[in-house]
Structure formats: structure tokens, C-alpha cells
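Please look over the sequence and the structure below before reading on, and keep them in view while the text leads you from one part to the next.

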Amino acid sequence: MRIRLLAGLALGSLALTACASTPTATTPAASTAAPATTSASPTAQAPAGSVAGTLTIWADDKRAAALKTVADKFAAENSVKVNIQAVSQDLQNTFVTASQAGNAPDIVVGAHDWIGNLVQNSAISPVSLTDKAAFDPKALAATTYDGQTYGVPYMRENIALIRNTDLAPTAPATLDDLIAKGKELKAANKVSEILCLPVGQNGDVYHMMPLMSAGGGSFFAYDAATGKFDPKNLTIASPKTIAAMEKIKAIGETAATPVLKRSIGNDNAISTFTGGKCAFLVSGPWATADIKKANIKYDITAIPTWKEGGFPASQFYGAGTFYVAAKGKNATLAQEFVTNYVSKVETQVALYNAEARPPALTAALDQVKAADPDLQKFLDAGKDAIPMPAIPAMGKVWDPVGKAQAAIVGGADVTSTLKSAETALKAAIG
Amino acid sequence: MSSPTVQPTTAKAPAPSRPRGLGLSSSTPLALFGKVVGLGLVAAVTVWMAPPLLATRSWLMLALLLLSAAAIFFIYLQPWKIPPKYLVPGVVFLIAFQIIPVVFTVSTAFTNFGDGHRGTKEEAIAAIQAGSVQPVAGAPEYYLTVATQGDPATGPIVMLLVDPATKTVQVGTAEGLQPAENAQVSDNFKVTAIDGGYTILNLGQASARAADLAQLTVPTAQGAIKNNGLSRAVEGKATRLYDAACDCIREAATGATWTADGTIGYFVDAAGNNLDQGWQVNVGLANWAKPFQDSTLRTHFVGMVVWNFAFALISVFGTFAVGLLMAMALNSDKVRGLRFYRVLIVLPYAMPAFAMLLVWRDMFNQDFGLINNLFHLNVNWFGEPTAAKIAVLLVQFWLGYPYMFLVTTGALQAIPSDLVEAASVDGASRFFAFRTVTLPLLFVATAPLLISSFAFNFNNFNAIRLTSDGGPFPPDSPSLGATDLLISYTYRLAGFSGGGGAQYGLAAAMSILIFLIVAAVSIVSFRRTAALEDIN
């Protein structure tokens with residue numbers, strides 16, 4: 001089974017490489033690559049006829065439902081069958097395991113920061129995008145890994161400050177203003193919490209990111225010019241990060257009126273906001289449905305930074321991405337769907353209609369944003385957002401750094417806690 | 001049950017009464033039907049599994065498959081040979097569900113199998129080369145029309161490539177590019193007509209030939225043209241190539257090299273940076289040594305093991321005590337509505353533990369949880385080590401006592417009441433009679449259950465993962481929390497808690513170590529409980 005897959009893989013890539021080196025026939029690469037191609041071809045031909053014409057797509061529950069109309073249209077236009085399978089739990093890992101076992105789908109839909117892990121497991125193929133200028137540059141940067149484009153982005157998302165306009169009519173200009181307003185409301189018994197920002201018992205790096213970067217903190221050295229993170233150069237215990245986390249500790253549980261609390265986590269932050277218990281919520285586009293249902297008047301603005309010595313409160317930028325599986329059975333159809341169909345404006349508009357997230361194509365966003373002002377507000381709030389690092393090392397950050405941040409919110413010593421997190425991170429990255 | 005040897009060997013016509021196998025003898029129509037279906041299934045599975053093995057030339061596996069199928073047929077088609085007929089299903093399941101997983105776990109424990117090291121070196125090389133393909137600078141972004149020479153279903157595939165800038169058409173085959181004759185191009189850059197015996201495929205026909213198209217590579221001077229789906233094509237060139245002479249990957253443009261390191265399964269450059277794509281290698285005892293090299297574990301190991309034992313023992317004996325108390329209270333005929341109470345008590349057992357654990361986690365929330373609000377407390381349950389330990393144990397009690405209640409109710413009812421009565425006639429107090437008569441008899445019946453319950457709770461991953469998730473974590477050790485069990489710590493150490501970065505090899509080694517601990521405890525306990533048997 002694996003060899004059969006390997007054969008397909010070899011044909012897709014080695015053929016190119018073998019041919020690439022034929023003109024200069026003296027390189028040894030040509031002689032090694034060529035036999036692999038020839039020996040693989042007899043087995044690769046065997047299953048060809050049986051599977052042609054069926055495209056299998058894996059996505060999570062929500063995405064799978066949203067894909068239905070788009071996939072049906074593609075199926076009708078190309079007279080093929082499209083199978084959408086919802087994988088509700090742990091899609092990324094399920095996909096990698098299935099790829100290795102030879103049961104991979106042709107396409108998988110996921111977040112852009114999976115790329116590093118999917119590439120190191122040889123689970124996805126690069127794609128060739130023809131009209132790159134049509135995409136949001138950040139979405140393109142997010143799906144580019146090691147100089148290669150690995151997927152087609154279809155939506156972008158970032159968190160922002162969502163405000164209950166009945167309680168707080170004006171957007172706070174600084175974090176200090178936000179906290180002051182929150183305290184005022186709490187003193188007047190209008191709210192019980194100052195800020196609904198998910199921390200949780202074991203930390204939430206994603207939602208803490210804007211506050212951490214507002215103080216100048218970071219995980220890895222980041223080169224803004226190349227957009228590359230250096231996992232060997234950890235900045236999690238650098239003086240700047242320590243200073244940033246000191247500011248977070250100062251508004252943590254040991255403060256007279258705590259702003260950040262471990263009792264507010266991902267599972268109750270939105271419900272606390274919709275329950276009217278706090279005036280400010282840090283969350284993403286996924287929160288608006290619940291807020292509308294609760295009939296709360298809201299506005300979306302940028303997360304402000306500190307009044308003094310503040311850096312931009314950058315949050316993470318995420319791009320929803322279609323990937324072509326490296327070991328899928330129908331690579332050609334998968335490429336056609338991902339590179340030539342998902343990159344169409346009408347496809348992205350249809351995907352938006354099924355699930356309201358800002359499309360990654362600028363033209364598609366322009367079409368839909370008039371009817372949905374929230375989209376542009378979220379994007380404006382995320383103008384300083386940095387694409388979430390897609391390097392495999394990022395997967396190892398969440399756990400130790402989240403726990404360190406939770407401990408600091410709980411009142412632990414900042415310097416020693418971050419040093420321990422750095423040690424744990426170094427051991428994990430290796 | 002008759003055995004073949006007892007059959008009288010007279011010279012009569014072939015004995016109509018063949019030895020009866022359990023349901024698989026052909027003596028009744030139903031049994032015959034069962035046999036036909038069963039053997040049919042075996043044949044079907046064999047036929048289903050054979051082609052992939054044939055295709056991959058796994059002769060050994062194929063031989064094993066055919067041999068086992070033949071053996072099963074042989075055994076069940078023979079009228080005699082009764083013992084194997086009973087043994088075969090058990091042996092098959094034993095091999096499939098016990099021996100293979102154990103062998104697989106043990107063999108994995110000596111490798112670096114995990115994210116980045118899942119496949120073979122050849123797969124890694126193929127992925128590195130494929131990932132390095134870059135479009136040739138200045139090459140047109142071709143529009144593609146798929147065509148064949150001759151029949152659309154079987155003829156050799158060719159690419160009709162349209163340069164959108166000039167609308168010129170070229171024919172791409174495995175030999176290379178040739179100019180097309182008399183090609184007509186539509187406004188959306190599709191070739192609509194062409195000379196030279198080519199058949200233009202519509203989308204349906206083209207998708208049916210997708211796999212053949214994927215195999216077509218058109219060589220060019222700078223690289224090669226591959227299709228990009230069914231409607232576009234790209235001229236690309238691999239920038240990184242494998243060089244067998246130095247066993248390394250070389251980047252043509254920069255001359256940078258990454259040399260294969262067979263001990264870690266990566267291509268590594270001079271500075272020690274590796275390419276992402278690695279392969280699976282044997283790492284010997286490295287996985288076994290890692291837990292002992294980890295500084296966090298070395299410092300906190302004793303504390304964690306003590307807590308792990310305490311968690312399992314308190315869970316077992318605590319739930320046993322609560323369950324026993326309730327069972328004794330409800331074992332009396334004087335209680336009204338006995339059945340109602342019993343149903344009420346068993347309820348927690350009937351609810352899915354998975355959901356209940358999450359509900360309990362939320363009830364322990366400091367600011368919004370039911371428990372603090374109800375009792376007007378302000379305890380940060382999962383934020384303080386002692387409170388977190390109490391909280392997870394409380395949840396364990398609630399989830400576990402109905403089981404112990406059921407077990408002890410059954411056991412109590414089996415203890416003859418005249419034994420206790422005899423004790424009281426002899427002048428024993430009720431407590432003394434309970435301690436010397438009822439309890440030992442109860443232990444005889446429940447000891448194996450208590451031991452298995454201990455083994456289960458020792459590795460009760462869900463109880464920790466879904467409530468405290470091992471926390472709270474001391475500021476100096478973000479990888480080992482106050483309520484971590486060996487199993488939940490292993491889960492984190494092996495990298496399963498983040499997205500990607502799983503190390504299955506390490507996890508396998510750790511789980512074998514945990515197994516050894518549980519097995520040792522169980523063996524000792526069973527030895528001890530053997531003494532209880534003397535009571536009877």
C-alpha cells in the first residue's frame with residue numbers, strides 16, 4: 001500500500017526533478033531519480049481507473065456543512081463525484097495518520113498554521129497559484145512556507161475587542177482607558193467582570209497574544225522582512241517579554257480589582273459577555289452569532305495598547321486554507337478544485353454565504369462587506385496582526401507558554417516562570 | 001459432547017451421525033448456513049486483502065494471508081478435528097487484539113516514530129524534492145486543454161498548452177513541446193479545435209483520465225511542465241535534489257547541502273539545522289532513557305508517583321467505602337421505596353462519564369461555578385494544588401461509588417445471614433461481627449474487582465485530562481502539574497497536547513514503563529488476596 005502511494009508521490013515530483021536534471025546529465029541525481037520513477041510506474045497505474053472521478057474532501061463539522069453548495073457546483077461542472085467528510089475531532093492529526101496509512105483524502109481544509117506539521121509529515125503538496133495579487137497579502141504570506149505556497153486561503157480571521165455599546169458607548173483608546181471604564185462599571189454594579197479575555201486554568205496563548213505584544217513580548221525572534229520565525233532563537237524570557245508579562249501580572253489576580261482571571265476561559269468568556277456580566281470581550285468572528293442571538297448591541301474595534309510605552313497590540317492572523325493532500329488518490333482533481341476553483345471570487349462568496357468569515361480574495365471581500373459591516377471592522381482591528389507562525393515548533397509553544405501565562409496571571413514571579421517556560425520549550429523543540 | 005474415537009467403527013454405510021461441533025457442524029441446516037456464511041466471509045476478506053499485497057509485492061504477508069485462510073478452511077471443512085474449531089476464533093482474536101498491539105507497541109518504543117518521522121527516507125526525499133519545485137522564471141502561466149491521441153478513454157494523453165499572452169498553442173507530450181497545427185482558441189483560452197488527430201476531451205472525460213494526466217510530464221529546456229489541475233499547467237523546476245553520492249540534499253542555486261543523519265532521521269546542514277521532512281529510524285534505548293534525563297521528572301518523579309498511587313488507592317477505597325455504606329443501608333427490608341433509592345444511586349453510573357467530567361469542571365469554577373456559589377466559598381479549585389487534588393477525588397467519588405454500590409449489594413446478598421446471626425448469638429457486637437465476618441467475606445468476593453479498579457484508576461486519563469488537565473502547574477514546571485498522573489504526564493511529554501509534534505516512540509516506551517508498574521502492583525495484590533481465600 002505504502003509503496004503504491006510512494007509511487008504516486010514519486011511520479012508527481014521525481015518526474016519533474018528527473019527531467020530537470022536531464023540536460024546536465026552528469027549530475028548523479030538524474031541517475032537516482034530516474035530508476036525510482038520507472039520502477040514505480042507499473043504499480044501506480046493499477047488503481048488509476050477505479051478511483052478517477054471522485055474527489056474526497058475532509059473538513060471539520062462547520063466547514064463541511066459550508067462546503068456543500070460549492071462542492072456540488074464543482075461536481076456538476078466537472079461531472080465528477082465530490083465526497084465531503086466531516087471529521088469533528090482532531091482533524092489535523094487524523095489526516096496525518098490517514099496519509100501515512102494510505103487512506104488520505106484528496107483535499108483537507110484547515111488552519112494555515114498546520115502547514116509546518118503537514119509538511120514535515122509529507123502530507124501535503126505545494127500548489128501553483130496563478131493570480132497571487134488577487135489575495136490578501138497576509139493570507140498569501142500565511143500559506144507560504146519555506147518559499148513555497150502550500151495551500152489556497154479562502155478566509156481570514158483575527159480576534160478583536162468586542163464592546164457592549166449600551167455599557168461602554170465609546171471605544172477605549174488605550175488599555176488603561178479600557179480598564180478604567182471596566183472598573184467604573186463594576187463599581188456601579190453594572191458588570192461583575194472588567195474584561196472577558198479567556199485565560200483559563202492552563203492559559204490561552206492565542207487570546208493573550210495582543211496583551212503580550214502590547215508590552216513588547218514575543219516567543220521567537222521574528223524577521224518582519226522575510227516573515228520568518230527562528231525557533232532556535234527563543235525570546236520568551238527576553239527582557240522585553242518579561243516587562244510585558246509584568247504589566248499583565250499587575251492586572252492579574254493579585255491586583256486589588258483583577259482584570260485578568262483564570263476563572264474566565266475559552267468555554268465561558270463569550271457566555272459571560274452575552275450574559276451582560278462584562279462590557280468588553282476579546283474574541284473573534286465566531287463570537288458574533290451568539291452575541292446577536294443575545295440581542296446585545298456591540299461594536300468591534302482594535303484591541304488598544306498601553307498608554308505609556310505601548311507596542312501595537314498584535315494578535316494572531318489566521319487563514320483558513322484548502323490543502324492538496326500529497327498522498328490523495330486524485331491529485332489532478334484536487335489541484336483543479338483547490339487552485340482553479342477555490343481561488344474564484346464566486347466560490348469564496350459562496351463560502352462566505354455558508355459561513356460568515358472574511359474571504360481571503362480581496363474582490364470577494366469587496367462584494368460581501370457592504371452587507372456585513374462586521375467583516376471590515378474585524379479586518380481593521382487586525383491591521384497589525386501577524387500570521388500565526390506555521391513552523392512545527394509553534395505547536396510546542398501553546399502548552400508550556402500558556403501555563404506560564406496562567407501562572408503569572410495567578411500571581412507567580414514573572415522572571416522565574418518565564419525562564420522555566422523557556423527551558424521546557426527548549427527541551428520540547430530540541 | 002461426543003468425540004470421534006467413541007464412534008463405533010462398524011462396516012456400515014458412512015455414519016450419518018458425524019461428530020457435532022458447536023454450531024459449525026453441518027448437522028443442522030442452520031449450522032450449515034452459518035458455516036457457509038462464515039467461510040464465505042473468510043474467503044471474501046482474503047480476496048479483499050490480497051490485491052494491495054500483490055501490488056506492493058509483499059510476498060511474505062501474502063503467503064501468511066493465504067496460509068491462514070487455507071488453515072481456517074481446512075479446520076472447518078473437516079468433520080473431525082473438533083478442538084481446533086473451538087480454539088481458532090479465540091486464537092485469531094488473541095493475535096489480532098492482544099499480540100499484534102503489544103508487539104507493535106514494543107517495537108515502536110525503540111524508534112523515533114512520530115511527527116516528522118512517520119515515513120521512510122525515500123518518502124522524505126520525494127517530499128523534499130516536490131516541495132522545492134519552483135515556477136521557472138519568465139515562463140508563461142499556461143492554460144491547459146486536455147486531449148488524447150485517438151480514443152478519449154484509452155488514447156495517450158497530451159496537453160494542449162495556451163500561452164495567455166500570445167494565444168499560441170503548443171502540444172505537450174512526454175517527448176517535449178511541439179507547435180500545434182491550426183489550433184482554434186476560445187476567449188477563455190481553451191483549445192476548441194486542432195489538427196493532427198487529437199481528440200479534445202470535455203471536462204467529464206478529462207476528469208476520468210485525471211490519474212493518467214498526473215503521470216504526464218513535459219520536459220522543457222529549463223525544467224518540466226506539469227498540469228495544475230485540469231485547466232492550468234505550470235513550468236517548474238526542483239531547486240533541491242538528492243545526491244546519492246554524498247547521501248545529501250543539495251540546493252542548486254546556493255550550493256547548500258543537508259547530509260543524511262541516520263541516527264536521528266533528518267537531513268542536517270553544517271550549522272545543525274535540519275530539513276523538516278525526516279524519516280523513521282531505530283533509536284535504540286533513547287526513548288527509555290528520556291524520562292530519566294528530563295530534569296523536571298527527576299525532581300518531581302517521587303511526588304508524582306506517590307500522588308498517582310494515592311489517587312488510585314483513595315479512588316478505589318473511597319468509592320468502595322461509600323458504596324458499601326449505601327449498600328448496607330439499603331440492604332435492610334425496613335427501608336421503604338428501596339427500589340427508588342437504588343435507581344437514584346445508580347444514576348451517576350448511567351450517565352456518560354465524559355460529559356459529567358466536563359460538567360464537574362465547570363462546577364468547580366472559582367467565580368462562576370456552582371460549588372463556590374452554593375457554599376459561598378471562594379476557593380480556586382483547580383488553581384491550588386491541594387484544592388485541585390481534593391476536587392479531582394471528589395469527582396472520582398461521585399462517578400465511582402454507584403459501581404461499588406452495585407458490586408457490594410450483590411456480594412452482601414450472597415453472604416448468608418445466619419453467619420452474622422450466629423456471631424451475635426455468640427455475643428459479638430454488630431460492629432465486631434461486621435469486621436470479622438461480613439467484611440472478610442466481602443473482600444473475598446470483591447478483591448479482584450478492587451484490583452482491576454485500581455489498575456483502571458492508576459491510568460484514569462479522562463478523570464484528569466477533562467477536569468484539571470494536570471494542573472495547577474507550579475511556576476517552575478510548566479510540564480508537570482500537581483494532579484498529573486503518569487499517564488497524563490506521558491501524554492504531554494510525548495507532545496500530544498499541542499497541534500503536531502507527537503512522539504509515538506517515546507509514548508510507547510513510557511506506556512510500557514507504566515504497564516510494568518501496574519503489573520507489579522497487581523501481582524503483589526493478587527498474591528496477598530490469595531490469603532483471603534482461606535476464610536472460606
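This is a predicted model: local features need pLDDT of at least 70, side-chain atom pairs count only at pLDDT 80 or more; totals for chains, interfaces and linings use all residues.

Before two helices can be compared, a direction has to be given to each, and here the axes are lines fitted to C-alpha atoms over the stretch in contact, while the angles run from 0 to 180 degrees between N-to-C directions. The crossing in which H9(B) passes H12(B) is left-handed.

Which residues meet where H9(B) and H12(B) come into contact? From H9(B) come Ile345(B), Val346(B), Pro348(B) and Tyr349(B), and they meet Trp398(B), Leu399(B), Pro402(B), Tyr403(B), Phe405(B) and Leu406(B) in H12(B). Sorted by class, this contact has ten nonpolar residues, with no polar and no charged ones.

Turning to chain A, we find an open sheet of three strands in the order E11-E8-E12, with antiparallel pairing. Strand E11 (280–283) and strand E12 (298–301) of chain A are the edge strands, each of which pairs on one side only, and the twist from one strand to the next averages 25°. Strand E8 (residues 160–164) of chain A pairs with E12(A) in the antiparallel sense over four bridges, and Leu161(A) stands opposite Thr301(A) in E12(A). Helix H16 (residues 373–381) of chain A packs on this sheet, where it touches E8 and E12 of chain A, and its direction makes about 35° with that of E12(A).

The two chains also touch each other, in a contact that takes 77 residues from chain A and 75 residues from chain B. On the side of chain A that touches chain B, H1(A) gives the most, with 15 residues, and by class that side has 33 nonpolar, 35 polar and nine charged residues.

Is Gln335(A) buried or exposed? A residue counts as buried if 20 or more other C-beta atoms lie within 10 Å of its own, and because Gln335(A) has 29 other C-beta atoms within 10 Å, it is buried. Leaving out residues up to four places away in sequence, Gln335(A) touches Val127(A), Val324(A), Asn228(B) and Gly229(B).

Terms used:
Residues are numbered from 1 along each chain as its sequence is written. Chains are lettered from A and ligands numbered from 1 in the order in which they are written. A crossing is left-handed if the near helix is turned anticlockwise from the far one by less than a right angle, and right-handed if clockwise. Helices (H or I, at least four residues) and strands (E, at least two) are DSSP runs, numbered from the N terminus. Two residues are in contact if their C-beta atoms, placed from the backbone, lie within 7 Å. Ala, Val, Leu, Ile, Met, Phe, Trp, Tyr, Cys and Pro count as nonpolar, Asp, Glu, Lys and Arg as charged, and the others, Gly among them, as polar. Two strands pair if DSSP finds at least two bridges between them. A residue is buried if 20 or more other C-beta atoms lie within 10 Å of its own, exposed if 12 or fewer, and partly exposed in between; C-beta atoms are placed from the backbone.
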